[in-house]
Amino acid sequence: MINYSSIGTGSDKVIVFHGWKMDHTCFDGMVSALDKETFTYIFADLRGYGASRDLPGPYSIEQTAADLLELSDSLNLETFHIIGHSMGGKVICRMVADAPERIKSAIGVTPCPPVKIPFDDQGWALFSKSATDLSCREEVFRLSTGSRLTPAWYKMIAEKSVQASEQAAFSDYLESWVNTECVDDCAGSKVPLKIIAGEFDPDLTYGLMQDTFGTFFSNVEIMQLSNCGHYPMYETPLALAAEWENFLGKHVG
């Protein structure tokens, strides 16, 4: 079973999962701002990452959704909220399709929509090579934050990303989050969903969120968070914490 870290004592349980490049510690900068009396936050490490990095594959969207549901079973959670970053958007869609009665609400943070993600040859070469080339991984971080941050931060976060993930998992998850489609399974879902797009995210834009999640889900809020790109948990952690707890607060109990 995948590993996790939890904080809080609240009766409303929130399972939070990271995206492609980081483990659960990417959310550490938000912890001090979270309401630990209303909520219990369960930060999961997906297989191949962090404390779950020794777990073998498959490293896929489908397996991740199954792992998170298994984790919820092990914690005896009948219902719970979910928050997923980046490729976690597709995991949210898979979980909503597989267990809609258990999901109280869901939040996608700069999420991948449940469609195939288009890449040109140059982009695919950069992303796929970033599994083994640190400079390419730095470049992906730079591009996805709108080239607004410092070279020292890009170097640090790329090195941390390498330390947080197994190379095989990194490569396989890329194939999965790019190519997995699950529109037919989640379309029309009534699970309350909030989508948070980053102002400077060059690819997973507010417009794309409207055209995909806004079309496929029947109970969805979509907003653009200012002054951040693809990683608001690093770029604007307090603003992100406020946005997701404002939404979770509408669906407690």
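The buried residues of helix α6 (167–179) are Ala 169, Phe 170, Tyr 173, Leu 174, Ser 176, Trp 177 and Val 178, where buried means under 20% relative accessible area, exposed over 50% and partly exposed in between, with a 1.4 Å probe and protein chains only. The model is predicted, so local features need pLDDT of at least 70 and side-chain atom pairs count only at pLDDT 80 or more, while totals for chains, interfaces and linings use all residues. Residues are numbered from 1 along each chain as its sequence is written, and side-chain values use heavy atoms, with hydrogens and water left out. Helices (H or I, at least four residues) and strands (E, at least two) are DSSP runs numbered from the N terminus.

Helix α6 has 13 residues and reaches 19 Å from its first C-alpha to its last, close to the 18 Å expected at 1.5 Å a residue; the expected span is 1.5 Å times one less than the number of residues. The buried residues of α6 pack against α1, α2 (88–98), α3, α4 and α5, a contact being heavy atoms within 4.5 Å.

Helix α5 (residues 151–164) has 14 residues and should span 20 Å at 1.5 Å a residue; its end C-alpha atoms are 20 Å apart, which agrees. Its buried residues are Trp 153, Tyr 154, Ile 157, Ala 158, Ser 161 and Ala 164. Seen down the axis of α5, these residues fall within an arc of 125 degrees, so they line one face of the helix; the arc is that of the directions from the helix axis to the C-beta atoms. An α-helix has 3.6 residues a turn, so residues three or four places apart point the same way. On the other side of α5, Pro 151, Ala 152 and Gln 163 are exposed. The buried residues of α5 pack against α4 (134–144), α6 (167–179) and α10 (232–235).

Nonpolar cores were also examined. A nonpolar core is a set of buried Ala, Val, Leu, Ile, Met, Phe, Trp, Tyr and Cys residues joined through side-chain atoms within 4.5 Å. The largest has 51 residues, and those with the most contacts inside it are Phe 17, Trp 20, Leu 68, Ile 82, Met 95 and Trp 177. Helix α6 gives the most to this core, with six residues. Apart from it lies another core of 30 residues, among them Ile 7, Leu 225, Leu 240 and Ala 241. Leaving out residues up to four places away in sequence, the contacts of Phe 17 include Phe 27, Leu 68, Ile 82 and Met 95.

Rings of Phe, Tyr and Trp (its six-membered ring) pair if their centres lie within 6.5 Å; planes under 30 degrees apart count as stacked, over 60 as edge-to-face and the rest as tilted. By this rule there are 19 aromatic pairs. The rings of Phe 27 and Trp 244 have centres 6.0 Å apart and planes at 50 degrees, so this pair is tilted. Phe 27 lies in the loop between β2 (12–17) and β3 (39–45) and Trp 244 in helix α11 (residues 237–248), so the pair ties together parts that are 217 residues apart in sequence. Phe 27 counts as buried at 2% relative accessibility, and Trp 244 counts as buried at 0%. The rings of Phe 119 and Trp 177 have centres 6.1 Å apart and planes at 55 degrees, so this pair is tilted. It links distant parts of the chain, with Phe 119 in the loop between β5 (103–109) and α3 (121–129) and Trp 177 in helix α6, 58 residues apart. Phe 119 is partly exposed, with a relative accessible area of 28%, whereas Trp 177 is buried, at 7%. Trp 20, Phe 119, Trp 124, Phe 127, Phe 170 and Trp 177 form one aromatic cluster.

A charge sits over a ring if NZ of Lys or CZ of Arg is within 6 Å of the ring centre and within 35 degrees of the ring normal. The charged end of Arg 137 sits over the ring of Phe 170, 3.7 Å from its centre, and that of Lys 21 over the ring of Phe 141, 5.1 Å from its centre.

In the backbone, a cis peptide bond joins Gly 57 and Pro 58, with omega about 15 degrees. Asn 76, which is not a glycine, has a positive phi of about 60 degrees and is exposed, with a relative accessible area of 69%.
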